[in-house]
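Here are my notes on this entry, as numbered points for discussion.

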Amino acid sequence: MTDQRSKATGRHPREEEQLVLAAREVEFDWSQLPWHWIPGEPVTTHTLNVLHLLLPAGEDWFVKVLQQALPMIRDDRVRQDVLGFIGQEAMHSQAHGGVLDHFAAMNIDVSPYTNQIDWVFRQLLGDR
């Protein structure tokens, strides 16, 4: 394993750059999306669609868990990173949640699946 320290400062590159996570406005336009949006790959398309249905609940869960952890974080830099990640995940959850409207517009009821996913994050992985 090589030492990644900068010759100029003797510090690791991560120490030199203060990367700040900031939530960006993200929005997907699902209205013109073809049913099989990966050309010639219907199975791959639907596999990734399932991930879109899973992600909002998972990202909401990440936000909740990290919000609960915030009071225990003593390092200011780590705290800022966690706050940035919380904002990013909250924005992603909203953006991925738009797929639910897309399926509803196509008269596809995905609630049996999303209800199970919500249960997993709320009950199985939820507060004790």
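1. The lining of the largest pocket divides into five nonpolar, two polar and five charged residues (Ala, Val, Leu, Ile, Met, Phe, Trp, Tyr, Cys and Pro count as nonpolar, Asp, Glu, Lys and Arg as charged, the others, Gly among them, as polar). The model is predicted, with local features needing pLDDT of at least 70 and side-chain atom pairs pLDDT 80 or more, while totals for chains, interfaces and linings use all residues. Numbering starts from 1 along each chain as its sequence is written, and side-chain values use heavy atoms, without hydrogens or water.

2. The lining consists of Ala 57, Asp 60, Trp 61, Lys 64, Val 65, Gln 68, Asp 118, Phe 121, Arg 122, Leu 125, Gly 126 and Asp 127. A pocket here is an open set of 1 Å grid points where a 1.4 Å probe fits, with protein on both sides within 12 Å along at least five of seven lines; lining residues have an atom within 4 Å of a point. The volume of this largest pocket is about 170 Å³, taken as the space filled by probe spheres set on the points.

3. Helices α2 and α4 each supply at least two lining residues (helices are DSSP runs of H or I, at least four residues). The largest share, six residues, belongs to α2.

4. The axes of α2 (residues 42–69) and α4 (residues 111–124) come within 9 Å and cross at roughly 30°, which means that α2 is roughly parallel to α4 (under 35 degrees; over 145 is roughly antiparallel). Their crossing is right-handed. On the α2 side the contact (heavy atoms within 4.5 Å) includes Ala 57 and Trp 61, and on the α4 side Asp 118 and Phe 121. Its residues divide into eight nonpolar, two polar and one charged.

5. The axes of α2 and α3 (residues 76–105) come within 8 Å and cross at roughly 150°, so α2 is roughly antiparallel to α3. This crossing is left-handed. Among the contacting residues are Leu 53, Asp 60 and Leu 66 of α2 and Phe 85, His 96 and Phe 103 of α3. The contact of α2 with α3 comprises 13 nonpolar, seven polar and three charged residues.

How values were computed. Axes fitted to C-alpha atoms, helices over the stretch in contact; angles between N-to-C directions. Parallel < 35°, antiparallel > 145°, perpendicular 65-115°, else oblique. Left-handed = near helix turned anticlockwise from the far one by under 90°.
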